[in-house]
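Have the structure open as you read.

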Amino acid sequence: EGGLSTFPCAERGRAALGLDLVSTSPSSEPDAVALAVLDHVRKTPQTSLGVIAVHGRQAGKIKAAVESLAAKNQELRNFLDTESMEPFFVKTIAEVRGDERDDIFISFSGEDGEHFLEPFECEGGLNDLNVLMTRARSRCVLYSSLSPEDIARISSSEGARILRDYLRYARDGQAGTTDSLSNSTADSFHSIIKSRLAALGY
């Protein structure tokens, strides 16, 4: 009992694996993600890495922040320039459909709180959440300027509820109970697993 874990899961005490939430502000998030990329290169350069930004402008800011660090750090410059079967990337949700990496950093913040939720409340938003949840093979770090409680106050839409519970799971490491996950989120997780198994021919 308790021996089955999804991956990446919110498992404490194993820094190289799992799901984590980092609280930021919209203005500080690009630099926070860029510094995390540098830290990744220093500690686990053999592990593939990708960054997904929910908002296009934020993706551009993250790219600029990473390039700024690389101009001062040869180790990071080499990591970015190395030819690989799975090269480093910074992409938006629309650009990342078929990409997977060992580690994935996800930047949720946009220009303000309202834009934060907009991609997940429009048509196709639940599929975008599916994409985000399934890009990492080993470790996923979520960067967000809104807490689960903030999201609950802003919106009660299905997309907002699922995102709220996903962030809460990353932060608290709890899932599978009515307190920690809504029925809609559990159904979403089940649908994700079912679709991935179907794609593998099961």
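H5 goes past H7 in a left-handed crossing (the near helix is turned anticlockwise from the far one by less than a right angle; clockwise would be right-handed). The residues making the contact (heavy atoms within 4.5 Å) are these:

| Helix | Contact residues |
|---|---|
| H5 | Leu126, Leu129, Leu132 and Met133 |
| H7 | Glu158, Gly159, Ile162, Leu163 and Tyr166 |

By type, the residues of this contact split into seven nonpolar, one polar and one charged. The axes of H5 (residues 125-133) and H7 (residues 158-172) come within 10 Å and cross at roughly 20°, and H5 and H7 are therefore roughly parallel (angles under 35 degrees count as such).

A word on where this comes from: the model is predicted, with local features needing pLDDT of at least 70 and side-chain atom pairs counting only at pLDDT 80 or more, while totals for chains, interfaces and linings use all residues. Residues are numbered from 1 along each chain as its sequence is written, and side-chain values use heavy atoms, leaving out hydrogens and water.

Back in H5, take valine 131. Valine 131 is buried, at 8% relative accessible area (buried means under 20%, with a 1.4 Å probe and protein chains only). Leaving aside residues up to four places away in sequence, valine 131 touches Val96 and Arg97.

Now for H3 (residues 74-81), where the buried residues are Leu76, Phe79 and Leu80. They span an arc of only 95° around the axis, so they lie on the same side of H3. These buried residues pack against helix H1 (29-43), strand E2 (49-53) and helix H2 (56-70).

How values were computed:
Axes fitted to C-alpha atoms, helices over the stretch in contact; angles between N-to-C directions. Helix = DSSP H or I, 4+ residues; strand = E, 2+ residues; numbered from the N terminus. Parallel < 35°, antiparallel > 145°, perpendicular 65-115°, else oblique. Nonpolar A, V, L, I, M, F, W, Y, C, P; charged D, E, K, R; others polar. Buried < 20%, exposed > 50% of the residue type's maximum accessible area, 1.4 Å probe, protein only. Arc of directions from axis to C-beta.
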